[in-house]
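Biologist: Please open the model so that we can go through it together. I shall ask brief questions and change topic as we proceed.

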Amino acid sequence: MRLFIASPLTNEVEEMLGKAIFVLKQKRTRVNWVAPKNIHLTLKFLGDTDEAQVAEIISSLESIAGRHRAVNSMIDRLGAFPNIRRPRVIWAGLSGGIEQLEALAGEIEEAMAAFGFPKENRPFKSHLTLGRVKDNFQTAELAEAVNSYQFVPEKIVFSEMVLFKSTLTPRGPIYERLSTWKLMVSNRE
């Protein structure tokens, strides 16, 4: 089974990102856009996973979730990896709570390495993937649209951690929640 660990979004945030995708879709670039209901903050992609490991992975993630608080952040911009001149991934950027998200992802990274999952070569970048660019046709027009898109900054709280199963289909991936954990809510909020 193909698995990943992520923090899902609220319906309101999905709708806001769907509006951004709608505007960007008007450009003639070939992009595989993510369905708004499938947008999430990836904490760790596991990939193909032996079903026999799932119970231990769930136990490990439950322990991790119990040590972390919900994270307040803000969606405030669009961008691209590796850069806007050669976009391969179009994303919505986060500000605020980045250190807490990095700590959560780092702890997950270490725990999953103990199960034999390879560690990431790149540092964790908190972002929400909106689309994957398929070729370089008309990317200048897309880059201009990404640069000029104006978000009204939107508060977001990452309050859950989910182990998802991903099934790839010709019409896009189907995500199924295998286990969900609430992150602690601070009494000061």
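Biologist: Where is P82 found?

Modeller: P82 is found in the loop between β4 (71-81) and β5 (89-95). Helices (H or I, at least four residues) and strands (E, at least two) are DSSP runs, numbered from the N terminus. Please note that this is a predicted model, in which local features need pLDDT of at least 70, side-chain atom pairs count only at pLDDT 80 or more, and totals for chains, interfaces and linings use all residues. Residues are numbered from 1 along each chain as its sequence is written, and side-chain values use heavy atoms, with hydrogens and water left out.

Biologist: And what joins F81 and P82?

Modeller: A cis peptide bond, with omega at about -5°. In general, most peptide bonds are trans.

Biologist: β4 and β5 are strands; in what order do the strands of their sheet come?

Modeller: The order is β2-β6-β5-β4-β7, an open sheet of five strands with antiparallel pairing. Two strands pair if DSSP finds at least two bridges between them. β2 and β7 are the edge strands, each pairing on one side only. From one strand to the next, the twist averages 40°; axes are lines fitted to C-alpha atoms, for helices over the stretch in contact, and angles run from 0 to 180 degrees between N-to-C directions.

Biologist: How many bridges pair β5 and β6?

Modeller: Five, in the antiparallel sense. Within this pair, A92 stands opposite L128 in β6.

Biologist: Staying in β6, is L130 buried or exposed?

Modeller: L130, which lies in strand β6, counts as buried because its relative accessibility is 0%. Buried means under 20% relative accessible area, exposed over 50%, and partly exposed in between (1.4 Å probe, protein chains only).

Biologist: Which residues does L130 touch?

Modeller: Not counting residues up to four places away in sequence, L130 touches L17, I21, N32, W33, V34, I39, L78, I90, W91 and A92. Contact means heavy atoms within 4.5 Å.

Biologist: Now the other sheet. What is the order of its four strands?

Modeller: The four strands form an open sheet in the order β3-β1-β8-β9, and the pairing is antiparallel. Its edge strands are β3 and β9, each of which pairs on one side only. The twist here averages 20° from one strand to the next.

Biologist: What packs on that sheet?

Modeller: α3 does, touching β1, β3 and β8, and its direction makes about 10° with that of β3. α3 also lies across β4, β5 and β7, running at about 115° to β5.

Biologist: How many residues of β1 are buried?

Modeller: Six of the seven, so β1 is mostly covered. β1 pairs with β3 over seven bridges in the antiparallel sense, and P8 stands opposite H40 in β3. Four bridges join β1 to β8, again running antiparallel; here A6 stands opposite V162 in β8.

Biologist: Over how many bridges do β8 and β9 pair?

Modeller: Strand β8 (residues 160-167) and β9 pair over eight bridges, in the antiparallel sense. In β9, K182 is the bridge partner of E160.

Biologist: Let us turn to pockets. What volume does the largest pocket have?

Modeller: About 1400 Å³. On a 1 Å grid over the protein atoms alone, a pocket is an open set of points where a 1.4 Å probe fits, with protein on both sides within 12 Å along at least five of seven lines, and lining residues have an atom within 4 Å of a point. Grid points are joined across faces, edges and corners, and a volume is the space filled by probe spheres set on the points.

Biologist: How many residues line the largest pocket, and which lie nearest its centre?

Modeller: The lining has 38 residues, of which T42, F45, H127, T129 and R132 lie nearest the centre. The elements giving two or more residues are β1 (2-8), β2 (31-33), β3 (40-48), α3 (98-113), β6 (127-133) and β9 (174-182). The largest share, six residues, comes from β3.

Biologist: How do the residues of the lining divide by type?

Modeller: There are 16 nonpolar, 10 polar and 12 charged residues. Ala, Val, Leu, Ile, Met, Phe, Trp, Tyr, Cys and Pro count as nonpolar, Asp, Glu, Lys and Arg as charged, and the others, Gly among them, as polar.

Biologist: Finally, is T139 buried or exposed?

Modeller: T139, in helix α4 (residues 139-148), is buried, with a relative accessible area of 10%. T139 touches T29, P87 and V133, not counting residues up to four places away in sequence.
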